[in-house]
Amino acid sequence: SSGINAEYGVIFLVGLVAMILMRTLRKDYQRYSKDEELDDIEKDLGDEYGWKQIHGDVFRPASSSFLFSTLVGTGCQLCFSALILIMLAVMEKLWTERGSILTTAIFVYASTSPVNGYVGGALYSQLGGKRWIMRYH
């Protein structure tokens, strides 16, 4: 029963994503096929779409590279901690006594802090940060 419900849920979500993707692609295809019919002068006067609108923002450096690298490092630490906790839970190591999951979560979070320091510090130095040693503290 629960397996069938899960299958129905997955089928529904895949259908929803496919419908949204098809709608977006259909609009883009119509827009680009309309652009092919225009001559060069009309293309230059028309609005820019898609990548041409955001290409300047994509390669722009972060305004606060220290904060950005800190958030990326913390996100990597949380993902790594969650992955370890899930693996331990699957191996049924956390079901021995009351509160063992919380205690293990705190220990794993503290022990994965080097992941935060390494990822955040490396990103900060790649972004041209001058106080990269301060990022490790």
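In this predicted model, C76 is partly exposed at 31% relative accessibility, where buried stands for under 20% relative accessible area, exposed for over 50%, and partly exposed for the range in between (1.4 Å probe, protein chains only). C76 takes part in no disulfide, the nearest cysteine sulfur being that of C79 at 6.6 Å, and a disulfide is taken here as a pair of cysteine sulfur atoms within 2.5 Å. With a relative accessible area of 55%, C79 is exposed. Under this rule the count of disulfides is zero. The model is predicted, so that local features need pLDDT of at least 70 and side-chain atom pairs count only at pLDDT 80 or more, while totals for chains, interfaces and linings use all residues. Residues are numbered from 1 along each chain as its sequence is written, and side-chain values use heavy atoms, with hydrogens and water left out.

The secondary structure consists of seven helices and zero strands, where helices (H or I, at least four residues) and strands (E, at least two) are DSSP runs numbered from the N terminus. Along the sequence the pattern reads α-α-α-α-α-α-α. Of the 137 residues in the protein, 13% are buried, and the protein exposes about 11,300 Å², of which carbon and sulfur atoms supply 66%; accessible areas come from the Shrake-Rupley method with a 1.4 Å probe, and for residues only the protein chains shown count as cover. Among contacts with a separation of 6 or more, 55% are made by residues 24 or more positions apart, a contact being defined by heavy atoms within 4.5 Å.

Helix α4 covers residues 65–90. Its 26 residues should span 38 Å at 1.5 Å a residue, and the end C-alpha atoms are 37 Å apart, which agrees; the expected span is 1.5 Å times one less than the number of residues. Within α4, the residues S65, S69, G73, Q77 and S81 are buried. In an α-helix there are 3.6 residues a turn, so residues three or four places apart point the same way. After α4 comes E92, whose phi is positive, near 60 degrees.

A search of the whole structure finds one aromatic pair. This pair is formed by F66 and Y124 in an edge-to-face arrangement, with 5.4 Å centre to centre and 90 degrees between the planes. Under the criteria applied, rings of Phe, Tyr and Trp (its six-membered ring) pair if their centres lie within 6.5 Å, and planes under 30 degrees apart count as stacked, over 60 as edge-to-face and the rest as tilted. Because F66 lies in helix α4 and Y124 in helix α6, the pair ties together parts that are 58 residues apart in sequence. F66 is partly exposed, with a relative accessible area of 27%, whereas Y124 is buried at 5% relative accessibility. Also in helix α6 is Q126, which is exposed with a relative accessible area of 66%. The C-alpha atoms of Q126 and S69 are separated by 9.8 Å, although these residues are 57 residues apart along the chain.

T112 is placed in the loop between α5 (100–111) and α6 (113–126), and at 4% relative accessibility T112 is buried. The side chain of T112 reaches the backbone oxygen of V108 at 2.9 Å, a polar contact being a pair of N or O atoms within 3.5 Å, of which, within protein, one must be able to donate a hydrogen and the other to accept it, with residues adjacent in sequence counted only if both atoms are side-chain atoms. Apart from neighbours within four places in sequence, T112 is in contact with Q77, F80, S81 and I84. T104, located in helix α5, is buried at 19% relative accessibility, and its side chain reaches the backbone oxygen of S100 at 2.6 Å. With neighbours within four places in sequence left aside, T104 is in contact with L85, L88 and L94.
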